[in-house]
Amino acid sequence: MPALPEVRLGEKLQELGKQLREGEPKVEQFREAYDELRKLNRRLQELLQWAVEQRRDEKELNNLYCQVAGWNASDLVEHLKRTGFRLKQDRVLKEAFDRQGYRILELVRAGKRDEAFHAILRIFVSAKREFPAHLVEAFKPVYSDTLFRVFLFSFLSGILGKEQESE
């Protein structure tokens, strides 16, 4: 039977501490621990949302939910921006987003989630590329219109625009 995620994370943190004491930290293992932590934070947010829906009058529970949701939203903004920069390397996707960019920006600005989702999904399907899982998260209705715009603008800021030429 596989270990629970929180047990695996605890074990990974102990291993990272050991690596540091030995003076040989491994970046990829820090990245794995970070990814596990993000998954646990998202799961905590889901559970808190469920709890808040059951007990709407408990202010402390709602405040904790807002705190966890805010932390996860901030993390998602940064992740979407990095995803956009990474996808910019794909010439087919880059050209498609450059052609559709202003239209998608306007759909996002107007808060037309379904139309923006359709436009972006269409680009990925046409290019025969996998739709980024993190991008799906941005379209979930649990996020406010303001957060939705921030998420999508972060992603689009990464993929739109000129490539920086290195010397």
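This is a predicted model: local features need pLDDT of at least 70, side-chain atom pairs count only at pLDDT 80 or more; totals for chains, interfaces and linings use all residues.
Helix α5 covers residues 113-126 and helix α7 covers residues 145-159; their axes come within 12 Å and cross at roughly 20°. Because angles under 35 degrees count as roughly parallel, α5 is described as roughly parallel to α7. On the α5 side, the contact is made by Arg113, Ala116, Ile120 and Phe124, and on the α7 side by Asp145, Phe148, Leu152 and Phe155. Of the residues in this contact of α5 with α7, 6 are nonpolar and 2 are charged, while no polar residues take part.

Helix α7 also meets helix α3. The axes of α3 and α7 come within 6 Å, with a crossing angle of roughly 25°. This angle makes α3 roughly parallel to α7. The crossing of α3 and α7 is right-handed. Helix α3 contributes Ala73, Leu76, Val77, Leu80, Lys81, Thr83, Gly84, Phe85 and Leu87 to the contact, and helix α7 contributes Leu147, Val150, Phe151, Ser154, Phe155, Ser157, Gly158 and Ile159. By class, the residues of the contact of α3 with α7 divide into 11 nonpolar, 5 polar and 1 charged.

A further contact of α3 is with helix α2, which covers residues 27-54; the axes of the two helices come within 9 Å and cross at roughly 140°. With this angle, α2 is oblique to α3. Helix α2 passes α3 in a left-handed crossing. In α2, the residues that meet α3 are Arg31, Tyr34, Arg38, Asn41, Arg42, Leu44, Gln45, Leu48, Gln49, Ala51 and Val52. Their partners in α3 are Leu61, Asn62, Leu64, Tyr65, Val68, Ala69, Trp71, Asn72, Asp75, Leu76, His79 and Arg82. The contact of α2 with α3 has 12 nonpolar, 6 polar and 5 charged residues.

One of the α3 residues in the contact with α2 is His79. The helix that holds His79, α3, covers residues 59-87. The relative accessibility of His79 is 14%, so His79 counts as buried, the cut-off for this class being under 20%. Leaving aside residues up to four places away in sequence, His79 touches Arg38 and His134. Arg38 is among the α2 residues that meet α3, and the side chain of Arg38 makes a polar contact with the side chain of His79 at 3.4 Å.

Note on methods
Residues are numbered from 1 along each chain as its sequence is written. Side-chain values use heavy atoms; hydrogens and water are left out. Axes are lines fitted to C-alpha atoms, for helices over the stretch in contact, and angles run from 0 to 180 degrees between N-to-C directions. Helices (H or I, at least four residues) and strands (E, at least two) are DSSP runs, numbered from the N terminus. Angles under 35 degrees count as roughly parallel, over 145 as roughly antiparallel, 65 to 115 as roughly perpendicular and the rest as oblique. Contact means heavy atoms within 4.5 Å. Ala, Val, Leu, Ile, Met, Phe, Trp, Tyr, Cys and Pro count as nonpolar, Asp, Glu, Lys and Arg as charged, and the others, Gly among them, as polar. Buried means under 20% relative accessible area, exposed over 50%, partly exposed in between (1.4 Å probe, protein chains only). A polar contact is a pair of N or O atoms within 3.5 Å; within protein, one must be able to donate a hydrogen and the other to accept it, and residues adjacent in sequence count only if both atoms are side-chain atoms. A crossing is left-handed if the near helix is turned anticlockwise from the far one by less than a right angle, and right-handed if clockwise.
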